[in-house]
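Q: I would like to learn how to read helical spans and helix packing in a model such as this one. Could we work through it together?

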Amino acid sequence: MTDKIEKGPAENPPAGPGASGLPYEAIKAIPVRHYGRWVSGVVVVALLAWLVYAFANGNVIWATVGDKLFDPAVLSGLGNTVIISVSAMALGLVLGIIFAVMRLSKNPVTGAVSWLYIWFFRGTPVYVQLLVWFNLSLIFQYINLGPIYKNETVDVMTPFMVALLGLGLNEGAYMAEIVRAGIQSVDEGQTEAAHALGMPQTKTMRRIVLPQAMRVIIPPTGNEFINMLKTSSLVSAVQYTELLRASSNIGNTAGAIMEMLFVASFWYLALTSVFSVGQYYLERRFARGSTRNLPPTPFQRLKANLNMFRRTEVAR
């Protein structure tokens, strides 16, 4: 004989759409009002408007800024800025790879030398390093490499050479740490597998480790190069005619100091903007191995939005 089990009220819900038999009511969602956002937005816009008004009515001849943007001397200084930035960055990248490998070496001598190089050039201001190279002739009258090369230090240490050594050696110390971090981000199993296949250490580093480490190395390297474009303005102190020095020379001669500083600022912004776009696409290229679906580029997003707008117009 089986017992009949009766379900309680919790197991037998009442008939009807609602618990009380009444129809459900639509929920009316009321968005939360963020008054703080509106207030902060109004304050920021007001400050920006005040700043624009102040500069527009300040003692600045804006016509001079427009006239001097494409002055031949300014464009020549702009070219020198790009040349010294690219050259110093290339030197810093080469030195960074060398000293990063030395730092990771099991040889205690090379590891100590690499640590000492990084410690010294990261610990002293780049401006001081530039002045030391510029006044090197006070210490060494001649640069004597025996039968290979001998010349007076004044003739060797030209403004370009001083700028290259000052910026390049300083950048090499920072790049060494960036490259070291990139190398250490690669799984050790990759190196062990390469050694199991008979690859020597040098070939393993060149063909296996460094290509995979580039995904980690590229973003900070791009930031370092953009910073190099701005740091290159310091070489005006060693008489290298880059963008800032060329602009300052015109400003001192024409009595338009502030106007020429605005001209230099415009070109620095233009350079950093252009190279930032290049950095973005370079990072996307090296991210292909780690990300299956790359996020759309700004142009792809713009194209998608335009297509969506066109489809909406056609549907109407």
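Q: How much of the chain over residues 38–62 is helix, and how far apart are the end C-alpha atoms?

A: In this predicted model, residues 38–62 are 80% helix and 0% strand, with 34 Å between the end C-alpha atoms. The unreviewed UniProt entry lists this span under "transmembrane region", together with 82–104, 116–143 and 261–282. Residues 82–104 are 100% helix and 0% strand, and their end C-alpha atoms lie 32 Å apart.

Q: How are helices H5 and H7 placed relative to each other?

A: Two packed helices are described by the angle between their axes and the distance between those axes. For H5 (residues 126–134) and H7 (residues 159–184), the angle is about 140 degrees and the axes are 9 Å apart, and the pair therefore counts as oblique. The crossing of H5 past H7 is right-handed.

Q: Which residues of H5 and H7 meet, and what classes do they belong to?

A: From H5 come Val126, Gln129, Leu130, Trp133 and Phe134, which meet Val162, Ala163, Leu165, Gly166, Leu167, Leu169 and Asn170 of H7. Nine of the residues in this contact are nonpolar and three are polar, while none is charged.

Q: At what angle do H8 and H9 pack, and which residues make the contact?

A: H8 (residues 188–196) and H9 (residues 201–231) pack at about 145 degrees with their axes 10 Å apart, and H8 passes H9 in a right-handed crossing. Gln190, Thr191, Ala194 and His195 of H8 make the contact with Gln201, Thr204, Ile208, Val209 and Gln212 of H9. By class, this contact has six polar residues, three nonpolar ones and no charged ones.

Notes:
Residues numbered from 1 in each chain as written. Predicted model: local features only at pLDDT ≥ 70, side-chain atom pairs only at ≥ 80, totals over all residues. Heavy atoms only, no water. Axes fitted to C-alpha atoms, helices over the stretch in contact; angles between N-to-C directions. Helix = DSSP H or I, 4+ residues; strand = E, 2+ residues; numbered from the N terminus. Parallel < 35°, antiparallel > 145°, perpendicular 65-115°, else oblique. Left-handed = near helix turned anticlockwise from the far one by under 90°. Contact = heavy atoms within 4.5 Å. Nonpolar A, V, L, I, M, F, W, Y, C, P; charged D, E, K, R; others polar. UniProt positions renumbered as here; feature names shortened; annotations may be inferred.
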